[in-house]
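Here is a short briefing to read alongside the model. Have the viewer open and follow along.

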Amino acid sequence: MNAVTIKDVALAAGVSPATASRVLSGNPATSPASRARVEAAAKELRFLPNAQARSLRSTKTESIALLISDVRNPYFSDLAHAVEQHARAAGLMTFMGNANESAEQQDEFLTTMLSRRVDGMILVPQGLSETSGQASDMMLRVVDAGIPVVFVDRTLADAQVPSVTARSREALEEAIALLKANGHRKIAFIGGPEHASTALERHDGFDAALLANNLSTDPALHFAGDFRSASGAEGARWFLAHPERPTAVIIADAPMAIGALSVWREKNLAVGTDFSVVSFDEVDALLLHNPPIATIAHDLQAMGRAAVESLLAVMNHHEVRAVELSSTFTPRPSVGPTPDDEVHMEGSPRP
């Protein structure tokens, strides 16, 4: 529970409890200086208004909140569908929100859901930019208030919340073993942003999988994207121009893969022939590509079910442990032998 009271905020701000109460309730009858001190103290103490925190603990609404990272990402759309269907089967209505890969937009959603008095929250948490694992102030206030929360897909190191995630190292080892068997030794990686725990897990898993296959790691073959299509397109151009001439690439999510594939298609390059490609996330766009793309995929139905079950357990005051699922590698024709003749750095195949 949240042990911080309005009196604590007032003391820290150097104002009376009545003044602190007026500021925190939105009453305009306070001076700008007092308002600034109270708001700063509330933020520093992670104060959450009791009415908001208490409403989530005492009033059942038979509804939950679900926050995903990017509604345009088909991976998260499929995850949202799984959560919503399992929640519905449990008699719960789901309010969905889109963080747009932004901690600020996440916090706006959290604030709104507090006023909606949902019974609990399933969140794909957004870490603060460039700081892996660091929760926003609003996220910490929600967690400290004892509101039922479960993280799904991603985690935050400084927020102690039950989580449902997926481990990709073993699937990466399989993917790299297949690439190695096809003669590939210089394998590039187009990864995600540092503030996302999944990006770090996949990056670390990629390096570990190289070593497990007796291949050396090379930071110069890592490209930092942002889990969006435009950065995948940028990564595709980086891959073609790379002085090390990598012959294969693993891409950390579907939107970046889609962006990369569009660049290579425009340059009339043949995936699986000119170079090999493996992508995370088994989505229709990758399976319908010619040739179909080899994927490292999570079981999103299992992930959604586990997230709902974990949240129900938290809501019923049961002890909940972290759930870690395993990813699956599926080989497809986008992985082929190392080409006898390398691709030109500018992106066209040698004649």
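Residues are numbered from 1 along each chain as its sequence is written, and side-chain values use heavy atoms, with hydrogens and water left out.

**Confidence**
- The chain has a mean pLDDT (the predictor's confidence in each residue, from 0 to 100) of 89, and 91% of its residues reach 70 or more.
- Over residues 341-351, pLDDT stays under 50, and the model has 27 contacts (heavy atoms within 4.5 Å) beyond four places in sequence for them.
- Where pLDDT is low, the predicted coordinates should not be read in detail.

**Helices α8 and α9**
- Helix α8 (residues 169-181) packs against helix α9 (residues 197-212) at an angle of about 50 degrees, and their axes are 8 Å apart.
- That angle makes α8 oblique to α9, as angles under 35 degrees count as roughly parallel, over 145 as roughly antiparallel, 65 to 115 as roughly perpendicular and the rest as oblique.
- From α8, R169, L172, E173 and I176 meet residues of α9 including F206 and L210.
- The residues of this contact divide into seven nonpolar, one polar and four charged.

**P246**
- P246 sits in the loop between α10 (229-241) and β8 (248-251).
- With a relative accessible area of 9%, P246 is buried (under 20%; exposed is over 50%, partly exposed in between, with a 1.4 Å probe and protein chains only).
- Beyond its neighbours within four places in sequence, P246 is in contact with K186, A188, L221 and F239.
- P17 lies 229 residues from P246 along the chain, and their C-alpha atoms are separated by 64 Å.

Technical notes. This is a predicted model: local features need pLDDT of at least 70, side-chain atom pairs count only at pLDDT 80 or more; totals for chains, interfaces and linings use all residues. Axes are lines fitted to C-alpha atoms, for helices over the stretch in contact, and angles run from 0 to 180 degrees between N-to-C directions. Helices (H or I, at least four residues) and strands (E, at least two) are DSSP runs, numbered from the N terminus. Ala, Val, Leu, Ile, Met, Phe, Trp, Tyr, Cys and Pro count as nonpolar, Asp, Glu, Lys and Arg as charged, and the others, Gly among them, as polar.
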